[in-house]
Amino acid sequence: MQVLAAILDDPARRAALDWQFFRPGVEAAWLYRTEGGGPAAAFLRYQPGADVPRHRHVGYEHILVLEGAQQDEFGHYPVGTLVVNAPGSEHKVSSREGCIALLIWERAVEMLEA
């Protein structure tokens, strides 16, 4: 998709997306969402020190880190890292320095912490 390629290649285009509240310190720019917790894709923008509480993956989740870095209890993921979380896996994601990542979900996640 040519539009997505332009966003992936241009930090200024990412900054101009329609960012919406997702969680404290984390904003989302949705590419698509389906009702009932079905497939979805969004860019997530973490402020420095922000996190997403522990959650379980009901379907596959793909994360491509575009700016900054994020981490979970399994590792540290700098720019260019592709993380694939399988159904049934759990983690808590944070970003010390802030980051922007492209996330694609097969199914909505189940939050385990508030």
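**Close-up views of a predicted model**

**View 1. Strand E9 and its two partners.** Strands E3 and E9 are paired in the antiparallel sense, with seven bridges between them. The structure shown here and in the views below is a predicted model. Opposite Cys99 in E9 stands Gly68. Of the seven residues of E9, six are buried, so this strand is largely enclosed by the rest of the structure.

**View 2. The largest pocket and its lining.** The largest pocket holds about 340 Å³ of space. Its lining is made up of 23 residues, and those that lie nearest the centre are Phe22, Trp30, Trp105, Ala108 and Val109. Two or more lining residues come from each of strands E1 (20-23), E2 (26-33), E3 (40-46), E4 (50-56), E5 (61-72), E8 (90-95) and E9 (99-105). By class, the lining comprises 13 nonpolar, six polar and four charged residues.

View 3. His55 belongs to strand E4. This residue counts as buried because its relative accessibility is 3%, below the 20% limit for that class. A polar atom of the His55 side chain lies 2.8 Å from the backbone oxygen of Pro53. Leaving aside residues up to four places away in sequence, His55 touches Glu61, Ser89, Glu90, His91, Val93, Val109, Glu110, Met111 and Leu112.

**View 4. Strand E8 beside strand E4.** E4 and E8 run antiparallel and are joined by five bridges. In E8, His91 is the residue opposite which His55 stands. In a regular strand, side chains alternate between the two faces of the sheet.

**View 5. Glu35 in the loop between E2 and E3.** Glu35 is placed in the loop that lies between E2 and E3. With a relative accessibility of 82%, Glu35 counts as exposed, since that class begins over 50%. Although Glu35 and Ala108 are 73 residues apart in sequence, their C-alpha atoms are 9.8 Å apart in space. Ala108 is also one of the residues that lie nearest the centre of the largest pocket.

Conventions:
Residues numbered from 1 in each chain as written. Predicted model: local features only at pLDDT ≥ 70, side-chain atom pairs only at ≥ 80, totals over all residues. Heavy atoms only, no water. 1 Å grid on protein atoms, 1.4 Å probe; cavity = no way out; pocket = protein on both sides within 12 Å on 5 of 7 lines; lining within 4 Å. Points joined across faces, edges and corners; volume = space filled by probe spheres on them. Helix = DSSP H or I, 4+ residues; strand = E, 2+ residues; numbered from the N terminus. Nonpolar A, V, L, I, M, F, W, Y, C, P; charged D, E, K, R; others polar. Buried < 20%, exposed > 50% of the residue type's maximum accessible area, 1.4 Å probe, protein only. Polar contact = N/O pair within 3.5 Å; in protein donor to acceptor, adjacent residues only side chain to side chain. Contact = heavy atoms within 4.5 Å. Pairing = 2+ DSSP bridges.
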